[in-house]
Amino acid sequence: MTLVLAFSIAVMFGAGAYLLLKHDLIRVVAGMVLISNAANLFIMSAGLSKGSAAIYPLPEDGSVSDPLVQAMTLTAIVISFGVSALLLSLVYRVYQTHRSVDIEQLAVAEEVETRQREEAVAEAEEEVPVAEEEEMALAERGANPVPVSVSESEDR
Amino acid sequence: MTIMSRHVARLLLAPTWMVALAVMIKGYADTGDGFSAGIIASLGVLLQYLVVGTRETTQLLPVRYAREAAQFGLLIALLVTFIPVLWGDPILTHYPRPGESVTHLGTLELLTAVLFDVGVFLLVLGVATGVIDLIARSRERRPT
Amino acid sequence: MLVLPLAICWFSAVGLAILDGRRPTVAWTAVGALTAAFASIIVLATDVISGQPQQVVAGGWLPGVGIVLRADALGILFAIVSLGVLLAALLFETLGGVRSRSFPSLVMFLATGLTGLFLTGDAFNFYVFFEISMIASYVLTAYGEERRQLRAAAIFAVVNLLGSVLFLIAIAALYHITGRLDLFGIGARITEVPSRTVVLSAALVFVAFSVKLGLFPFHFWLAAVYTGTRPAVAAILSGAVANIGAYGLLRFGAELLPRELGFSSPALLVIGSASILYGGLQALSRNTLPEVLAYSSIGQAGYILLALGIGEQVGYSAAVLFAIVNSLNKGLLFLSENLRGWLVGAAFAVGGFSVAGVPPAAGFVSKAALFRAGIAEGSVLLIILIFLGGALSFIYMLRSYQRRFWVPEAPPDGQPAAHGSSPLRVRAIVVALALLVIALGVWPEPLLALSRDAAAVLPPVSVESAR
């Protein structure tokens, strides 16, 4: 029994980890759910014992199974239920704003927006007269701001 | 969906909730608790969404009060948790204490533990229904 | 008394969830409730620090059977600092205008989770409160609901969930090994089992809390999240939520697994040093202020690990001190990120000095404590490293100060409305925080005594003898 449990935990965790590495955010969420359930199984296996349910009145022979792990698993299930709901709605919001749940495309969006912000900062700095040569040169090139600052941020 | 499945889905709602209620009020001394009851009840609601459709379900059931139900449930559970502190008992003390006599209402035993489970039930039902409703509505809106 | 702050936070969180947080009255109610919780936790702290740790067992069960709520000096100190930073951030956002209806309620839920986490004596209960605060902070990260915030929240949620699951597995393993869930019981039984059974759970605990803290090999999520969120949320994440990592490492590492902490001390020193150098160098090469602050957080987390790696009372108290001062610094710096005006400039400079460890800011006190710990350890390399890290942070803080306040018209993150001086009320919070940082630097005795008390909670097992 222990071996079966260990094997199924390993398979679930492995499958979850594999899904986590995918580009699709939905698959990442599915991977998260699998991994949380692997953890739940692990809690169950942490207190695996033979016996009847630990509900009063106790049986005559006195052997009851460990109720604590079951309580913990139940709590963990509740938590992973809430978290999965949250993750799904988060992914849904990401889809609404980006029209995509592909991590690569989100990373591209991140890069573009960062570049825009850095351009804004660079432009603001170019307006300031500064004595240092480096900054002077930058200000001279600033006559044609857009392409220059793009190459600037690529240098970084 | 066929007429058959619609009818079956409608008919299944009441028994589902009955089972949920039974699981909840017997939870303090038998298998079951507020959380599983809430999940069972919201499975019934989910079935309605799947079979009958979003618009009719929202007409049929008071889904729009899901948020209030969740908050009210959490409030009940928190009150049961913290009120014993007012007269010096530790939190989560349940009344009547072990060994004391229990008031019966038919076969139903009146315990604060049951009230706590009612709070948890409302919370889980409210949250689950709210999430189901949110996702169902977004599916309807998408083609536009 | 012990449950009062928890009850205040929890009830007000539920109550506020119904109301629209964008209305000023609702936001001010949240501020009032958080202030009440803060005050009650300070009252509790005076009881705990002058006398004995307090504890309550839920449901009137026997200790060891029921779930224990327990307040000792270590937990209460972290609770005070975290709630303080939360209060400052909430006040900041309330004065500036709350943008989302759930913000005040989420902050209260986060306060609930943090208070419960720092005041619990039960490993599984720790996990539950941990998740309450993490779920609240996932949603808070998305606060603002712009594209960047949503992306940041998605990254943050997935990475930290993985950390939480690892922590859960570690707790289950500890339960399997010791048969106990209360921290006291685990700590008492864990020494009876051979170390090789425990070492895997110890590693899991370490990874879980390092992810929270943003240490070097586990830092990859941190920069995107801290730069992506709004300043108040970044202050909350780095000033309050990151405390979970430091507290967890102290509580689980130093209290429950001192043996494993002892023989992993060289590894901790190496990871801590790597974190300091990596964070410092990355911060130096970044151009926007949020990025500099984010990488600086990675470096500062390294110091905490370094202090932990040194171990013993002197190292633990340095770790506590450093974590506390760091969360004040980061709260101050992130809040002043988008403000303008010379007062803010001065406050930012104080925060920068504090990060760099220059007197009279409080950062000097914590760096000095770390130095003392390094001398106690007797390692020249360590002292050089602490010095080098200080120098690095001085340079990058000075550079970002220049970029930020000597450039008159830099548009702060696409909000041209913030040009000129910001409203006085908003600036007052930042200035108050800066004054606090200076006050703690000029008169550090109470803080030093508190951190010593907190470290005294941890078992006085000498790390040297465990090696």
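**Close-up views of a predicted model**

**View 1. Helix 1 of chain A, residues 2–20.** At 1.5 Å a residue, this helix of 19 residues should span 27 Å, and its end C-alpha atoms lie 27 Å apart, which agrees. The expected span is 1.5 Å times one less than the number of residues; helices are DSSP runs (H or I, at least four residues) numbered from the N terminus. The model is predicted: local features need pLDDT of at least 70 and side-chain atom pairs pLDDT 80 or more, while totals for chains, interfaces and linings use all residues. Residues are numbered from 1 along each chain as its sequence is written, chains are lettered from A in the order in which they are written, and side-chain values use heavy atoms, without hydrogens and water.

**View 2. The contact of chain C with chain A.** Each chain contributes 38 residues. Glu113(A) and Arg147(C) form a salt bridge, with their closest N and O atoms 3.0 Å apart (a side-chain nitrogen of Lys or Arg within 4 Å of a carboxyl oxygen of Asp or Glu). Helix 6 of chain C gives the most to the side of chain C that touches chain A, with 18 residues.

Conventions:
Helix = DSSP H or I, 4+ residues; strand = E, 2+ residues; numbered from the N terminus. Contact = heavy atoms within 4.5 Å.
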